[in-house]
Amino acid sequence: MEINLEEAFQKRIDEEIKIEPRDWMPEKYRKTLLRQISQHAHSEIVGMLPEGNWITRAPNLRRKVALLAKVQDEAGHGLYLYSAAETLGMTRDEMLAELHSGKAKYSSIFNYPTLTWADMGAIGWLVDGAAIMNQVPLCRASYGPYARAMVRVCKEESFHQRQGYEIMLTLCQGTPEQKAMAQDALNRWWWPSMMMFGPNDDNSPNSAQSTKWKIKRFSNDELRQKFVDVSVPQAEILGITIPDADLKWNEARGHYDFGVINWDEFNQVVAGNGPCNKQRLKARVDAWENGAWVREAAVAYAEKREKRKQNTENTNAA
Amino acid sequence: MSNKEWPLWEVFIRAKQGLNHKHVGSLHAADVKMAIENARDVYTRRMEGVSIWVVESKNLHASEPSEQEEFFDPANDKIYRHPTFYILPEELNHM
Ligand SMILES: [Fe+2]
Ligand SMILES: [Fe+2]
C-alpha cells in the first residue's frame with residue numbers, strides 16, 4: 001500500500017502536477033518542505049534586522065522610504081512563507097519556538113554586521129541578488145503553496161536588488177571616500193553572499209532527494225556559478241573589485257573561475273559563532289516576549305466584543 | 001500568561017472590479033478587523049486588490065482530495081456538454 005502511494009506520488013511529481021496541502025505525501029517530503037520553508041521564513045524575518053539598523057540613519061528621505069519599503073517587504077515574505085509552512089501541519093507558534101530556541105536555522109548571511117551605509121547597497125545588490133538566484137527556480141517547486149508564495153516573493157525582489165545597486169552606483173560615482181566605502185562593503189559581503197548557495201554539491205547529501213521531488217531545480221554549485229557570472233560585469237560597471245584573486249574568465253567553460261570558499265567560516269557561523277548570531281536571536285526573542293501583552297490584549301478585546309455582540313443578539317431576540 | 005495563538009484566516013482578494021475574489025494565502029489575527037487590515041498590509045502593498053474577504057480557516061469546508069476521482073466522475077463521460085461534440089457544416093462559421 002505504502003509503496004504504491006509513494007510511486008503514485010512520484011509519478012505526479014514527474015508529470016509536474018503540483019502537490020496541495022491535503023494530498024497524500026510521504027512523511028519525508030512533508031518534513032523536508034517544512035524544514036526548508038520555515039527556515040526560509042525565519043531568514044526573511046531575521047533578515048530585516050541588519051537593514052533595520054540603518055533605517056533611521058538613511059542619508060535622505062528617498063533612501064529612507066525605499067529602505068523602509070524593502071524591509072517591510074521582507075516581513076511580508078516571512079508571512080507568506082509561514083502561511084505556506086502552516087499548511088504542512090505545524091503551527092506558527094511552534095515554528096517561532098524552534099527559531100527562538102535555536103533549533104531552527106536561518107540564512108547565515110544575516111549574522112554579519114552592517115557597519116556602514118554602503119552595506120545597504122551591498123546587501124540589496126548581492127544578498128538579494130543571491131536570494132533571487134535561489135528563489136526564481138522555487139517558483140516551480142512541486143508543493144503548490146510554496147511555489148505560489150515564491151511567485152509573490154520574486155515579484156517583489158527585483159526592486160530590492162535595484163535599490164541596492166543604485167546605492168552602490170551613487171557611492172561609486174561620489175567622492176573617493178564614498179567609493180572606498182562601496183569597495184569595503186563589497187569586500188565584506190562578497191564571500192558570505194557566495195556561501196548563501198550552501199555547501200558544494202559533493203557535500204550536500206539531501207540535494208538528490210530534493211531534486212527528485214522537484215523542490216530543487218538547480219544544484220548549489222550551478223546557482224553559485226550563475227551568481228558569479230552575472231555579478232562580475234555588475235561590479236565592472238560600478239568600477240569596484242570583487243575580492244577574489246582567482247576570479248578570471250574561463251573561455252573553455254564559458255564561465256568565470258573563482259577561488260575556494262572558506263567553509264570553516266561558514267560552518268562556524270551556522271554553528272552559532274558568527275559575529276552577530278547572539279544579537280540577532282536576542283532581538284527576535286525580545287520582540288516575541290515584549291509583544292506578549294499585545295497579543296494577549298488583542299485576544300481579550302476580541303473575546304469581549306464577541307461576548308457583547310452575543311448579549312445584544314440575545315436581548316434583541318427576547 | 002495565555003498561550004493562545006491568534007486564529008488563522010484565509011484571505012481572498014479581488015484584483016480589480018469585475019474579477020472574482022481569489023485565494024492568496026492566510027494570516028493570523030485576533031479579530032475580523034485586524035484580519036482585514038493585516039491582509040491589506042501583507043497581500044496588497046502594491047495595489048494588488050480593490051476588495052478583501054477574510055474567512056476564519058476553521059469555517060472553510062473542502063472536498064476530499066482522496067475522493068477526487070469518484071467525486072468528479074459524473075462529469076467525465078458527458079462530452080455532449082461541450083460545444084465540440086456537435087458536428088456542423090463548415091459554411092456555418094463561428095457558432
Ligand atoms: Fe525577501
Ligand atoms: Fe529582498
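## Exercises on a predicted model

At 52% relative accessibility, Phe71(B) counts as exposed. The structure is a predicted model. Work through the tasks with it open.

**Exercise 1. Classify Phe71(B) and Phe72(B) by accessibility, then describe how their rings pair.**

Step 1. Take Phe71(B). The cut-off for exposed is over 50%. Phe71(B) has 52%, so it counts as exposed.

Step 2. Take Phe72(B). Its relative accessibility is 47%, and therefore it counts as partly exposed.

Step 3. Look for ring contacts. The whole structure holds 14 aromatic pairs over all chains. One of them joins Phe71(B) and Phe72(B).

**Exercise 2. Explain why the pair Tyr80(B) and Phe85(B) is edge-to-face, and classify both residues by accessibility.**

Step 1. Check the geometry. The ring centres of Tyr80(B) and Phe85(B) lie 6.2 Å apart. Pairing requires centres within 6.5 Å.

Step 2. Check the planes. Edge-to-face needs an angle over 60 degrees. The planes of Tyr80(B) and Phe85(B) stand at 70°, so the pair is edge-to-face.

Step 3. Tyr80(B) has a relative accessible area of 43% and is partly exposed. Phe85(B), at 39%, also counts as partly exposed.

**Exercise 3. Find the donors of the iron ion (ligand 1) and explain why their arrangement is irregular.**

Step 1. List the donors. They are Glu44(A) through OE, Glu74(A) through OE, His77(A) through ND1 and Glu157(A) through OE. The distances run from 2.1 to 2.4 Å.

Step 2. Read the spacing. Along the sequence the donor residues follow E-x29-E-x2-H-x79-E.

Step 3. Test the angles. Four tetrahedral donors would need all angles between 85 and 135 degrees. Here the four donor atoms subtend 82 to 157°, so the arrangement is irregular. For reference, the ideal tetrahedral angle is 109.5 degrees.

Step 4. Glu74(A) bridges the iron ion (ligand 1) and the iron ion (ligand 2). The two ions lie 3.3 Å apart.

Step 5. Glu74(A) sits in helix H4 (residues 61-86) of chain A, while Glu157(A) sits in helix H7 (residues 144-172) of chain A. They are 83 residues apart, so this pair links distant parts of the chain. Both Glu74(A) and Glu157(A) are buried.

**Exercise 4. Which residues form the aromatic cluster of chain A, and which arginines lie over rings?**

Step 1. Name the cluster. Phe9(A), Trp24(A), Tyr29(A) and Trp213(A) belong to it.

Step 2. Find the charges. Arg57(A) lies over the face of Trp54(A), 4.1 Å from the ring centre. Arg152(A) puts its charged end over the ring of Tyr80(A), at 5.6 Å from the centre.

**Exercise 5. Describe the fold and dimensions of chain B, then its hairpin.**

Step 1. Count the elements. Chain B has two helices and three strands. Their order along the sequence is β-β-α-β-α.

Step 2. Compare sizes. The radius of gyration of chain B is 21 Å, whereas a compact globule of 95 residues would have one near 12 Å. The C-alpha trace spans about 75 × 35 × 15 Å along its principal axes. Of the 95 residues in chain B, 24% are buried.

Step 3. Trace the hairpin. Strands E1 (residues 8-14) and E2 (residues 21-28) of chain B pair antiparallel over seven bridges. Glu10(B) has Ser26(B) in E2(B) as its bridge partner. Six residues lie between the strands, and Gly18(B) in this hairpin takes a positive phi near 100°.

Notes:
Residues are numbered from 1 along each chain as its sequence is written. Chains are lettered from A and ligands numbered from 1 in the order in which they are written. This is a predicted model: local features need pLDDT of at least 70, side-chain atom pairs count only at pLDDT 80 or more; totals for chains, interfaces and linings use all residues. Side-chain values use heavy atoms; hydrogens and water are left out. Two strands pair if DSSP finds at least two bridges between them. Helices (H or I, at least four residues) and strands (E, at least two) are DSSP runs, numbered from the N terminus. Donors are N, O and S atoms within 2.8 Å of the metal (3.2 Å for Na, K and Ca); water is not among the atoms, so sites may look incomplete. Four donors count as tetrahedral if all angles lie between 85 and 135 degrees; four count as square planar and six as octahedral if opposite donors are over 155 degrees apart and all others between 65 and 115; anything else is irregular. Buried means under 20% relative accessible area, exposed over 50%, partly exposed in between (1.4 Å probe, protein chains only). Rings of Phe, Tyr and Trp (its six-membered ring) pair if their centres lie within 6.5 Å; planes under 30 degrees apart count as stacked, over 60 as edge-to-face and the rest as tilted. A charge sits over a ring if NZ of Lys or CZ of Arg is within 6 Å of the ring centre and within 35 degrees of the ring normal. The radius of gyration is taken over C-alpha atoms; the globule rule is 2.2 Å times the number of residues to the power 0.38.
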